[in-house]
Amino acid sequence: MMNRTTGRSAFLSLLKDEGITHLFGNPGTTELPIMHALKDHPELTYVMAMQESLVVAMADGFSRASGQLVACNVHVAPGLGNAMGSLYNARFTGTPMILTAGQQEHGHGLMEPLLYGPLLQMAEPLVKWAIEVTRLEDLPRIVRRAAKIATTPPTGPVFISLPGDILNAETHIEPGQSTRVDTRVAPSREVLDELVQRILSAHRPVVVVGDEIVKSDALDEAALFASRLGCPVYQQTIAYGAHFLSDHPCFMGALPRDQQQTTKILGAHDLLIVLGSDPVRMSVHSAHEPLPRGMPIIQIGLVDNDLAKNFPAEIALKADVRETLRVLVPAIEVTGGAPLATLASDRIESLKSANWSANRDRLVQDISRRKDAVPIDPDWLALQVVDALPANAILVDEGLTSSRYMAALKGHRDRYGYHQMASGGIGWGLPASVGASLANPERPVVCYSGDGSAMYSIQSLWTAAHHDLPLTVVLVNNGGYRIIKQRLQAFHGTNHFVGMDFRKPSVDFTGLARSLGVRATRVSEGDQFRSILASAIERRGPELIEVIVDGAI
């Protein structure tokens with residue numbers, strides 16, 4: 001029998017049935033029906049953020065640190081506008097997210113009242129699907145379809161506009177059932193044979209890994225694949241997650257975002273094997289291509305747009321990375337036999353002096369020489385953070401210039417242990433770390449953020465305090481937008497820095513943090529930091545440590 005219910009209550013019931021445990025939001029008048037209904041759904045945790053961009057970034061962090069579908073609700077047109085920067089971030093990471101916004105009642109919107117706007121057109125460029133509910137009876141079908149679309153690779157955000165009259169209406173509703181599309185497909189026998197023969201014909205293969213390693217839970221399979229070939233493995237140029245096991249002897253680190261350097265590295269090889277990645281996405285323009293001309297490529301993954309996006313592939317296989325590797329590795333072992341095993345062993349031995357672990361040892365020695373620097377050296381600070389992290393800690397990294405070596409220092413050992421912004425839009429780190437902590441209450445979370453990034457989203461600290469999260473924020477204060485200063489000098493040959501300093505007045509980050517309910521400490525001497533950070537993590541509460549570092553260019 002169909003149940004009689006209101007649209008607002010049905011919406012929350014449908015979210016819960018799709019696996020949603022937290023609703024991230026910032027309420028406005030058009031969202032009041034949902035706020036009204038929350039009293040009847042106490043098991044759904046409402047997470048309030050103090051601005052809509054933070055709402056979406058918190059939900060993004062929750063999903064990236066858990067792999068779960070998330071839901072967030074923002075205000076009508078200006079609120080959705082505020083959220084667009086964070087939605088842009090979520091699009092790049094393919095975050096499975098249902099984003100909703102209240103909309104003016106049907107008919108009333110025709111009059112273009114205060115705050116009214118074309119929500120679907122606003123959202124459409126950044127989401128997989130956008131729709132407005134026009135009949136209450138359609139609400140279950142729309143929410144079910146939204147959840148299915150968001151979670152089907154290539155995963156990503158979807159948007160639903162919720163008019164007030166739909167939420168307040170009451171009728172008999174058939175809730176339907178949740179559906180998930182199983183995309184864990186492996187290649188056909190014919191393609192598998194072709195893959196094996198092509199890979200084994202290469203004399204100097206190289207592997208580049210990316211975000212689908214995380215999404216398909218393929219860290220172990222990718223490591224085994226590298227071992228059987230004995231070939232070097234690099235992370236994609238935008239290394240925003242734990243895309244390979246760092247301690248593996250074949251791991252060489254992340255490819256640089258420098259076209260000439262990347263061309264030189266990959267040009268030493270005769271076959272590029274790409275596993276779930278847009279391998280050579282860059283930051284700034286260069287006349288040089290990031291791949292050698294005619295580089296043979298094998299590309300495997302479920303993100304259609306990444307397959308042969310900028311460079312042609314000999315084999316472009318739309319298939320799940322983990323399931324493909326599970327059948328590919330045994331097939332390579334059988335075909336390659338003992339000669340391949342010997343070759344792989346020799347190759348691995350030749351990599352040991354230049355792999356990630358060896359490079360880390362040399363880098364640590366170099367950075368350690370700066371331990372007594374005044375002001376504190378930012379590279380030394382990053383090393384202290386990494387060394388102080390408990391084994392089960394999650395690091396959310398938006399240090400920019402102060403974390404330039406973070407990927408070379410922080411070892412990846414589980415797929416949810418490291419997160420960095422993927423889009424380049426700053427301000428993501430603080431709210432994302434709040435979401436990551438909410439998703440993993442048993443794990444300590446450390447956010448490593450620059451001062452410029454933090455000022456985009458400092459209000460996130462209030463949400464951390466409100467939920468008493470085990471979150472420690474290391475705020476690296478270099479007094480301005482250091483990365484922009486560096487690029488102005490490098491690209492334009494001038495050090496006339498306008499609009500790039502936080503001085504006259506300086507920002508009191510410890511005072512800001514305390515005003516938002518968070519314990520805060522300022523550190524200006526390096527020998528104090530390690531013990532202060534360790535104590536903060538051990539206290540398992542929201543805390544900010546502001547560290548004054550060298551801002552020299």
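Good morning, everyone, and let me open with a question: in β20, which residue is the bridge partner of Val523? The answer is Val547. That pair belongs to β19 and β20 (residues 543–548), which pair in the parallel sense over 5 bridges. Two strands count as paired here if DSSP finds at least two bridges between them. Helices (H or I, at least four residues) and strands (E, at least two) are DSSP runs, numbered from the N terminus.

A word on where this comes from. This is a predicted model, in which local features need pLDDT of at least 70, side-chain atom pairs count only at pLDDT 80 or more, and totals for chains, interfaces and linings use all residues. Residues are numbered from 1 along each chain as its sequence is written, and side-chain values use heavy atoms, with hydrogens and water left out.

Now, the sheet. It is open and built from 6 strands with parallel pairing, in the order β16-β15-β17-β18-β20-β19. At the edges stand β16 (418–420) and β19 (519–523), each with a single partner strand, so one side of each is left without a neighbour in the sheet. On average, neighbouring strands are turned by 15 degrees against each other, direction ignored. For angles like that, axes are lines fitted to C-alpha atoms, for helices over the stretch in contact, and the values run from 0 to 180 degrees between N-to-C directions.

Let's look at β17 (445–450). Parallel neighbours join it through 5 bridges from β15 and 6 bridges to β18. Two of the pairs are Val396 with Cys447 and Tyr448 with Val474. How many of the residues of β17 are buried? The count is 6 of 6, where buried means under 20% relative accessible area, exposed over 50% and partly exposed in between, with a 1.4 Å probe and protein chains only. In a regular strand the side chains alternate between the two faces of the sheet. Here Val445, Cys447 and Ser449 lie on one side, Val446, Tyr448 and Gly450 on the other, and both faces are covered.

Helix α14 (residues 378–388) lies across β15, β17, β18 and β20, and runs at about 170 degrees to β17. Helix α21 (residues 526–539) touches β17, β18, β19 and β20, and its direction makes about 165 degrees with that of β20. Contact means heavy atoms within 4.5 Å.

On to the loops. Most residues other than glycine have a negative phi, and most peptide bonds are trans. Some places in this model go the other way. In the loop between α21 and β20, Arg540 has a positive phi near 55 degrees; Arg540 is partly exposed, at 39% relative accessible area. Leu115, in the loop between β5 and α5, has a positive phi of about 75 degrees and is partly exposed at 34%. A cis peptide bond joins Val374 and Pro375, with omega about -5 degrees, and Pro375 sits in the loop between α13 (356–368) and α14. Another cis bond joins Lys504 and Pro505, with omega about 5 degrees; Pro505 is in the loop between α19 (482–492) and α20 (509–515).

Next, helix α4. It covers residues 77–93, 17 residues in total, and reaches 24 Å from first C-alpha to last, close to the 24 Å expected. The expected span is 1.5 Å times one less than the number of residues. Where is the kink in α4 centred? On Met84, with a value of about 45 degrees; the bend at a residue is the angle between axes fitted to the seven residues ending there and the seven starting there. Among the buried residues of α4 are Ala83, Met84 and Leu87. The buried residues of this helix pack against α3 (52–64), β4 (70–74), β5 (97–103), α5 (119–123), β7 (157–163) and α9 (212–215). Just after α4, Gly94 takes a positive phi of about 60 degrees.

Last, the cores. A nonpolar core is a set of buried Ala, Val, Leu, Ile, Met, Phe, Trp, Tyr and Cys residues joined through side-chain atoms within 4.5 Å. The largest has 56 residues, and Phe24, Phe159 and Leu461 touch the most other members. Its largest share, 7 residues, comes from α3. A second, separate core of 52 residues includes Leu192, Ile199, Ala223 and Leu229.
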